[in-house]
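Subject: Structure handover

Hello,

The structure is below, followed by notes on what was found in it. Please read the notes with the coordinates open.

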Amino acid sequence: MAVAELLSNGVVKQLVERRRPPKEWVPHDDVEDRPDSSSFPSGHTAAAVAFTAAMAPSRPWVAAVCAVPTVLVAIERVHSGAHYPSDVAAGAAIGLAAATLVRATPRLVVRHTG
């Protein structure tokens, strides 16, 4: 999750400046609680997907249970007006990449040091 947050919020969000969806698109009052930072990508989605994807190979039942709230996080980010669907898709891709990187790191370290 930390790697996904670092990549999404610390790197990509700093490189891509994108305004949040227009307030007029959001049919409820929660739109006033949105952050002022770039909407691209969704860091919440990146973190949720990273955790779920990291758990999948070793604990598939945990990942299956976590998949439900992960999808709900992604939907909520669009519904709340904080993100466009493409922001959430990019966050999911970053989460998958972060989980893959974290899971591969021990093997890469052993291969290069041993």
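A polar contact here is a pair of N or O atoms within 3.5 Å. The model is a predicted one.

By that cut-off, the side chain of Ser38 makes a polar contact with the backbone nitrogen of Arg18, at 3.0 Å. A polar atom of the Ser38 side chain also lies 2.6 Å from the backbone oxygen of Val16. Ser38 sits in the loop between α1 (2-15) and α2 (43-55). With a relative accessible area of 9%, Ser38 is buried, because the limit for that class is under 20%. Apart from neighbours within four places in sequence, the residues in contact with Ser38 are Lys13, Val16, Glu17, Arg18 and Arg20.

Side chains of opposite charge can pair when their charged atoms come close. There are two salt bridges in the structure.

One joins the side chains of Arg18 and Asp87, with an N to O distance of 2.6 Å. This pair connects distant parts of the chain, 69 residues apart: Arg18 is in the loop between α1 and α2, and Asp87 is in helix α4 (residues 85-113). Arg18 is partly exposed at 28% relative accessible area, whereas Asp87 is buried at 0%.

The other is between the side chains of Glu76 and Arg77, at 3.4 Å, N to O. Glu76 is partly exposed, with a relative accessible area of 36%; Arg77 counts as buried at 10%.

Regards

Conventions
Residues numbered from 1 in each chain as written. Predicted model: local features only at pLDDT ≥ 70, side-chain atom pairs only at ≥ 80, totals over all residues. Heavy atoms only, no water. Helix = DSSP H or I, 4+ residues; strand = E, 2+ residues; numbered from the N terminus. Buried < 20%, exposed > 50% of the residue type's maximum accessible area, 1.4 Å probe, protein only. Polar contact = N/O pair within 3.5 Å; in protein donor to acceptor, adjacent residues only side chain to side chain. Contact = heavy atoms within 4.5 Å. Salt bridge = Lys/Arg side-chain N within 4 Å of Asp/Glu carboxyl O.
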